[in-house]
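I opened the structure to look up its sheets, its cores and a few ring contacts. My entries follow in the order I made them.

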Amino acid sequence: MTTGEGRGEELLGRVFLGRVIEPGDEVGGRWVREFGVGEVVRRLREGAAALPGVSGVRWGGLVARARRAEPERDLATARAAGARFVAPGDAEWPGQLDDLGDTRPLGLWVRGRPSLRMWALRSVAVVGARACTEYGTHVAATLAGGLAERGWVVVSGGAYGIDGAAHRGALAARGATVAVLACGVDRPYPRGHAALISRIAEQGLVVGELPPGDHPTPSRFILRNRVIAALTRGTVVVEAACRSGSLATARAAGRLGRFTMGVPGPVTSGLSAGVHELLRAETATLVTDAAEVVELVGDMGELAPARRGPVLPRDLLEPEARAVLDALPGHRAATVEEIARGTPTTRDEAIAKLYELRALGYVERHGDGWKLTRQAMMSVRTGHGPC
């Protein structure tokens, strides 16, 4: 069993390595797994012989980074910002992140009071384009709000566009949301979302791999997406062009065995082309609302309602009566003989059905003929029955 002192040393070591090794570095993750945190830290601090898998030049760069690492200072900065460091083995560590193997985060910086592990157990990622349309904004906010109302945690990246709409939708429903950042949790990015991210930290959680003060880069955004995919039970892509970074989240979710879902958009919109490609390749399931998402990621029996059109009064007619009704001309009266010829019934059966239809308000008598009522004609055009 690891002692409290040993656990503290490992935590400091992981904070130290977070300054030296980039997120998602598979080689660095393999070092930690094979040699242990303490040995990797010792080698880097002492500038000893290079660990396997890197060139001498690369090792020299890592050693230079190690000289500037100050884990105690990082922990103090995080505490001042209301953040904590959660490492593998801690009670709050989400076990599903272990599915990332050697690309698993060395640890996560977390702002907010709730337990990340507990929230991640019932969470869904909602991601998509930054330069989204009004349609995408509406769908993301509505979807996130519906998930929050059903007790699901909405996870996204805190960015402009779909991410921001998803966070706001969950917050508006007074639900739970988690922002996974590609920078230090004490320095929200984008700056235009500083107020939103502060609100998420108050009502939910703000999470990041990078130590306090670190800034985002394009590669860090992509690597951040694997954490979003691993944390959650499934990923929903609302809008994404063919080169959208949000597709990387969906592909990571697929590789990890998580549910991958896509919301279709207009076929004329390039911002939905990436989602449509996922759906065409059958690597994602089409969803349109929160109920359909929960049907996939939820527990057994959490089924979405069946999608059906309205049941009209004429749908309740017996087949013989419906056949007689269909045989009547639209704008004139017809004799019984003419109506019977248009149905598989006899003349007498047609008469009986006509009187039945008259009682229901579908037809009326015109001398020796029968004609559809005005209400019946309106029901054909509007889809509503006469009664």
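Before the sheets I noted the rule for pairing: two strands pair if DSSP finds at least two bridges between them. The model is a predicted one.

**Nine-stranded sheet**

I traced an open sheet of 9 strands in the order β1-β2-β6-β5-β4-β3-β7-β8-β9, and its pairing is mixed. At the edges I found β1 (83-86) and β9 (285-286); each has a single partner strand, so one side of each has no neighbour in the sheet.

I then looked at β5 (residues 177-181) and β6 (residues 205-208), which run parallel and are joined by 4 bridges. Within this pair, Val178 stands opposite Leu205 in β6.

Helix α13 (residues 290-297) lies across β3 (123-127), β7 (234-237), β8 (259-262) and β9. I noted its direction as about 160° to β8.

**Nonpolar cores**

Which residues have the most contacts inside the largest nonpolar core? I found Leu97, Val178 and Val237, in a core of 30 residues. Helix α10 (residues 218-231) gives the most to this core, with 4 residues. A second, separate core has 23 residues, among them Leu143, Ala144, Ala148 and Val236. For background I wrote down that nonpolar side chains tend to be buried together in soluble globular proteins.

I listed the contacts of Val237, leaving out residues up to four places away in sequence. Val237 touches Val127, Ser246, Leu247, Ala250, Met261, Gly262, Val263, Val275 and Leu278.

**Rings**

I searched the whole structure for aromatic pairs and got 4. One of them is Trp31 with Trp59, edge-to-face, at 5.7 Å centre to centre and 80° between the planes. The pair links distant parts of the chain, since Trp31 is in helix α2 (residues 26-35) and Trp59 is in helix α4 (residues 56-68), 28 residues apart.

Trp31 has 2%, so Trp31 is buried. Trp59 has 6% relative accessibility and therefore also counts as buried.

I also checked for charges over rings. The charged end of Arg43 sits over the ring of Phe35, 5.7 Å from its centre. Arg130 has its charged end over the ring of Phe221, 5.0 Å from the centre of that ring.

**Three-stranded sheet**

I found an open sheet of 3 strands in the order β10-β12-β11, with antiparallel pairing. Its edge strands are β10 (334-335) and β11 (363-366), and each pairs on one side only. β11 and β12 (residues 369-372) are paired over 4 bridges in the antiparallel sense. Here Glu364 stands opposite Lys371 in β12. Helix α16 (residues 347-359) lies across β11 and β12, and it runs at about 115° to β11.

**Leu328**

Where is Leu328 placed? I located Leu328 in the loop between α14 (319-327) and β10. Its relative accessible area is 7%, so Leu328 is buried.

Which residues is Leu328 in contact with, leaving aside its neighbours within four places in sequence? I listed Ile339, Leu354, Val363, Trp370, Lys371 and Leu372. I also noted Gly342, 14 residues from Leu328 along the chain, with 8.4 Å separating their C-alpha atoms.

Note on methods: Residues numbered from 1 in each chain as written. Predicted model: local features only at pLDDT ≥ 70, side-chain atom pairs only at ≥ 80, totals over all residues. Heavy atoms only, no water. Helix = DSSP H or I, 4+ residues; strand = E, 2+ residues; numbered from the N terminus. Contact = heavy atoms within 4.5 Å. Axes fitted to C-alpha atoms, helices over the stretch in contact; angles between N-to-C directions. Core = buried A, V, L, I, M, F, W, Y, C linked by side-chain atoms within 4.5 Å. Buried < 20%, exposed > 50% of the residue type's maximum accessible area, 1.4 Å probe, protein only. Phe/Tyr/Trp six-rings, centres within 6.5 Å; stacked < 30°, edge-to-face > 60°. Lys NZ or Arg CZ within 6 Å of the ring centre and 35° of its normal.
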